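Subject: Structure for you to look at

Hello,

Here is the structure I said I would pass on. Please open it first, and then read the notes below with it on the screen.

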Amino acid sequence: MAATTSMVTSLTFTIPSLGFRLPTRSYPCVKPQRRFVRKAASNVITATYELKAPPYPLNALEPHMSRETLEYHWGKHHRTYVENLNKQVVGTDLEGLSLEDIIIVTYNKGDILPAFNNAAQAWNHDFFWESMKPGGGGKPSGDLLHLIERDFGSFERFIEEFKSAAATQFGSGWAWLAYKANRLDVENAVNPWPSEKDKKLVIVKSPNAMNPLVWDYFPLLTIDVWEHAYYLDFQNQRPDYISVFMEKLVSWETVNTRLEKAKARAAEREMEEERRRKEEEEGKPTNEEDDDDDLEMYVDNDNDDSEAE
Amino acid sequence: MALRSSVTRRTLTLGLNSTRLLPLSRSLQTFSLPDLPYDYGALEPAISGEIMQLHHQKHHHTYITNYNKALEQLHEAIQKGDSSTVVKLQSAIKFNGGGHVNHSIFWKNLAPIREGGGEPPKASLGWAIDTHFGSLESLIQKMNTEGAALQGSGWVWLGVNKELKKLVIETTPNQDPLVTKGPHLVPLLGIDVWEHAYYLQYKNVRPDYLKNIWKVINWKYASEVYEKECA
């Protein structure tokens, strides 16, 4: 089965049950991770997802997150997700898709397919490393801070809520800050009266490999609260780990960049929807002409002329 | 050494007459951390003393603390007839109560080698295992496979369906007790596969933890439970 580069860059296909176009979002943190390798002896092209390194050396987050933790968390856990994903995807219909597309497809509206776990975890960890930086923490600024204050009351209230979400995600999982653009809380419902106020920041938590992409949100920040993320450094003290993450590790610059992309993407989508709505309206006159054709055929049976537009 | 009962009773008010319709408050049981019947280091090298101590004194203890708190809040909400709160508390009770139930069983599932840890089951349980799984090795392999494949946090169980008198292998997510997989299921053996159960020693290699834990599994306890249910 051959995958061509043109298919990769303009991927559109419909999920039969939903009938909408698969979103082809790209996030700044996920650069093209596909490398098409032509095997020497055969005509088979295999797509490989690569384990991307964090944007800093493994010891750069010390003393807040130890080198040992990075070595295991990135070097073993994250690596295993990527390797197992490659094994699951090769030779299947998923081959050649971007990581986000695999996540959406294998999420399968909740009826999860086998590759979901590895795909989502591969993506989540990329997103996590990039959410942090040496000398991180502090406070955001600009529009991001303004939105945080608008949607949570104050930066302090936001911190409280985020920490609480991370601490109360029972078992394994993640806590997120996400940008929710124009979505209603009910699946597949269309917002009948969209407004600027519908676009807002939300805090959500998710179990195991789940992430807000499947709810069509734009993730902005995440913290990994699987025990492997903090056990070597903090043992059972998850709240301490969360505090250190917020105060010393969060890269607000990255979050800001993601917010700008999210806003741009949301605006793009709105324009697309407008365009499509206009196309549908313009399609109406054609219907009236068809009615005329019918009338003609009715009146004049010998005339097989149905060429009129 | 027999395990002390882990229940302490704290009476609030009188009123044991349950035939009346008045909402009389009954005494609220609170729970406390059961002692381990062996030292923290006694299960080495299969499970390190460091893990046993953290697991018992921190994780299990925290489940109990939060379970007691949730029960107290539930007690209050029931008395007030506050159904919203009663329902809201269910997940905290499931998490923390489940954590207490599961870990209480787990400590009994383990024993130092010199006290019989790792000794294969005999008598009726041994026979049932051979009949149902072919051999003890086959059972162990199956449980290890299920335990390794479990995504996230949870438990892998050997249980018995007390109605059908059949052995089963099941997994449960998070701290769900085995009974959530079937009302007639009784746990004989549970293996904790939350990362906190093995991470400091085995890191990401859960299969190694699963391979080694069988050296300290207390089959005597499992047999006792089995015989009680299938007498």
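**What was found**

According to UniProt, in an unreviewed entry, the annotation "domain: Manganese/iron superoxide dismutase N-terminal" covers residues 48–132 of chain A. UniProt positions are given here in the numbering of this structure, feature names are shortened, and annotations may be inferred rather than shown by experiment. The end C-alpha atoms of residues 48–132 of chain A lie 26 Å apart, and the span is 55% helix and 2% strand.

Before the rest, some ground rules: this is a predicted model, in which local features need pLDDT of at least 70 and side-chain atom pairs count only at pLDDT 80 or more, while totals for chains, interfaces and linings use all residues. Residues are numbered from 1 along each chain as its sequence is written, chains are lettered from A and ligands numbered from 1 in the order in which they are written, and side-chain values use heavy atoms, with hydrogens and water left out.

**Chain A as a whole**

Chain A has 10 helices and 5 strands. Helices (H or I, at least four residues) and strands (E, at least two) are DSSP runs, numbered from the N terminus. Of the 309 residues in chain A, 46% are buried. Buried means under 20% relative accessible area, exposed means over 50%, and partly exposed is in between (1.4 Å probe, protein chains only). Among the contacts in chain A with a separation of 6 or more, 72% are between residues 24 or more positions apart; contact means heavy atoms within 4.5 Å.

**Where the chains meet**

The contact takes 16 residues from chain A and 17 residues from chain B. In chain A, the residues that lose the most area to chain B are A:F170, A:E227 and A:Y231, together 40% of what that side buries. The area buried between the two chains is about 1,800 Å², and carbon and sulfur atoms give 60% of that. Buried area is the accessible area (1.4 Å probe) that two parts lose on being put together, summed over both.

How many salt bridges does the rule find across the interface of chain A and chain B? It finds 0, a salt bridge being a side-chain nitrogen of Lys or Arg within 4 Å of a carboxyl oxygen of Asp or Glu. The rule does find 7 residue pairs in polar contact across the interface, both residues at pLDDT 80 or more. A polar contact is a pair of N or O atoms within 3.5 Å; within protein, one must be able to donate a hydrogen and the other to accept it, and residues adjacent in sequence count only if both atoms are side-chain atoms.

On the side of chain A that touches chain B, α2 (67–89) and α7 (231–234) of chain A each supply at least two residues. The largest share, 4 residues, comes from α2(A).

**Salt bridges within the chains**

Over all chains, the structure holds 15 salt bridges. One of them joins A:K133 and A:E253, with the closest N and O atoms 2.9 Å apart. A:K133 lies in the loop between α4 (116–130) and α5 of chain A, and A:E253 lies in helix α9 (residues 252–282) of chain A, so the pair ties together parts that are 120 residues apart in sequence. A:K133 is partly exposed, at 24% relative accessible area, and A:E253 is partly exposed too, at 47%.

A:E270 forms a salt bridge with A:K199, and their closest N and O atoms are 3.1 Å apart. This pair also links distant parts of the chain: A:E270 is in helix α9 of chain A, and A:K199 is in the loop between β3 (173–180) and β4 (200–207), 71 residues apart. A:E270 is partly exposed, at 33%, whereas A:K199 is buried, at 7%.

In chain B, B:K80 and B:E76 meet in a salt bridge (3.6 Å, N to O). Both lie in helix α1 (residues 49–80) of chain B, 4 residues apart, about one turn of the helix. B:K80 is exposed, at 61%, and B:E76 is partly exposed, at 45%.

A:S154 lies in the loop between α5 (142–152) and α6 (155–168) of chain A. A polar atom of the A:S154 side chain is 3.1 Å from the backbone nitrogen of A:R157.

In helix α7 (residues 206–213) of chain B, the buried residues are B:R206, B:Y209, B:L210, B:N212 and B:I213. They pack against α3 (90–109), α5 (136–149), β5 (185–192) and α6 (199–202) of chain B.

Regards
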